[in-house]
Amino acid sequence: MDGRRLQRLRGLITARGAERGFTGWAGVVCEVAVQVVGVDGGAISLRSAGPAQELAAASGPWAGGLEELQYSAGDGPGVEAFATASPVFVTDLDQADQRWPGFMSTAIGAGVGAVFAFPLQAGTARLGTLDLYRRRPGALPSDRLADAAVLADLATTALLTDASPEGGAPWAQVDTPGHYDDVNVAAGMLAAQLRISVDDALVRLRAHAFSSGEPLLEVARSVLHRQLHLDQFSN
């Protein structure tokens with residue numbers, strides 16, 4: 001790793017953290033990524049080998065919504081980057097040839113032109129992804145791509161720092177419900193009532209979200225509040 005590049009970016013993160021209301025270092029990394037890489041949005045999500053995902057930080061609602069879209073669809077550049085432990089760069093989403101059917105059409109409609117997803121790894125443990133979104137298509141210049149790669153390493157450090165007892169990031173608090181916990185509970189409820197597996201229940205929740213155009217989280221909450229009838233998920 002370029003030591004001077006690392007020092008410069010770490011300095012920017014430290015300075016930005018000192019001048020804003022502190023909600024965790026992951027959020028600061030997202031803001032710096034937008035500033036220096038030349039993208040329009042950045043987000044950091046914790047991921048697992050299963051369907052679980054937790055949004056740790058986003059530069060704004062647009063990037064946060066795109067992370068939720070990946071969770072709702074069950075596919076997307078961040079999902080692939082985490083699964084393969086390799087960066088995923090899509091310089092023109094409109095030409096990605098239906099690589100992620102659940103993600104692409106909605107993302108293009110939301111104005112995404114290019115996506116750059118980096119896996120976050122501590123030793124052999126994969127933690128999640130740093131996903132950078134840009135409205136216009138096109139590759140990143142080599143120097144900005146190098147900055148993005150270093151920021152992915154710093155994002156890993158940020159996640160570990162936020163999750164420490166002294167970190168204090170809201171998403172890392174043990175007694176704070178996770179952003180997508182309602183989805184897991186709703187899937188469990190459907191599984192029990194329909195006598196299907198939790199994975200099958202999650203597929204049905206995602207299918208309903210996709211067909212209705214609603215965010216998966218809102219569908220799950222409608223199930224929990226009994227605003228959706230079970231017969232809507234029986235097939």
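**Exercise 1. Describe the pairing of strands β4 and β5 in this predicted model.**

Solution. Start with the ranges: β4 covers residues 114–122 and β5 covers residues 125–134. The two strands pair in the antiparallel sense, over 9 bridges. Ala122 is bridged to Ala125 of β5, and Pro119 has Thr129 of β5 as its bridge partner. Finally, look at the connection: β4 and β5 form a hairpin with 2 residues between them. In that turn, Gly123 has a positive phi of about 65 degrees.

**Exercise 2. Give the strand order of the sheet and determine which strands stand at the edges.**

Solution. The sheet is open, has 5 strands and runs in the order β2-β1-β5-β4-β3, with antiparallel pairing. β2 (53–58) and β3 (88–90) each have a single partner strand, so one side of each is left without a neighbour in the sheet. These two strands are therefore the edges. On average, neighbouring strands are turned by 20 degrees against each other, direction ignored. For β3, the pairing with β4 is antiparallel and extends over 3 bridges; Val88 stands opposite Ala117 in β4.

**Exercise 3. Identify what helices α4 and α6 touch when they pack on the sheet, and state how buried β4 is.**

Solution. Take α4 (residues 77–84): this helix touches β1 (41–47), β3, β4 and β5. The direction of α4 makes about 150 degrees with that of β5. Then take α6 (residues 142–163), which touches β1, β2, β3, β4 and β5. The direction of α6 makes about 45 degrees with that of β4. As for burial, β4 is mostly covered, with 7 of its 9 residues buried.

**Exercise 4. Locate the largest nonpolar core and the elements that supply it.**

Solution. This core has 31 residues; Val37, Ile44, Leu130, Leu132 and Leu151 touch the most other members. At least two residues each come from α1 (3–18), α2 (25–37), β2, β4, β5 and α6. Another core, of 19 residues, lies apart from it and includes Trp62, Ala63, Leu66 and Met104. Returning to Leu132, its contacts beyond four places in sequence include Ala33, Val37, Phe116, Phe118 and Ala148.

**Exercise 5. Classify the packing of α1 against α2.**

Solution. The axes come within 9 Å and cross at roughly 120 degrees. That angle makes α1 oblique to α2, since the perpendicular range ends at 115 degrees and the antiparallel class begins over 145. The crossing is right-handed. Residues in the contact include Leu9, Leu12 and Ile13 of α1 and Trp25, Val28 and Val29 of α2.

Terms used
Residues numbered from 1 in each chain as written. Predicted model: local features only at pLDDT ≥ 70, side-chain atom pairs only at ≥ 80, totals over all residues. Heavy atoms only, no water. Pairing = 2+ DSSP bridges. Helix = DSSP H or I, 4+ residues; strand = E, 2+ residues; numbered from the N terminus. Axes fitted to C-alpha atoms, helices over the stretch in contact; angles between N-to-C directions. Contact = heavy atoms within 4.5 Å. Core = buried A, V, L, I, M, F, W, Y, C linked by side-chain atoms within 4.5 Å. Buried < 20%, exposed > 50% of the residue type's maximum accessible area, 1.4 Å probe, protein only. Parallel < 35°, antiparallel > 145°, perpendicular 65-115°, else oblique. Left-handed = near helix turned anticlockwise from the far one by under 90°.
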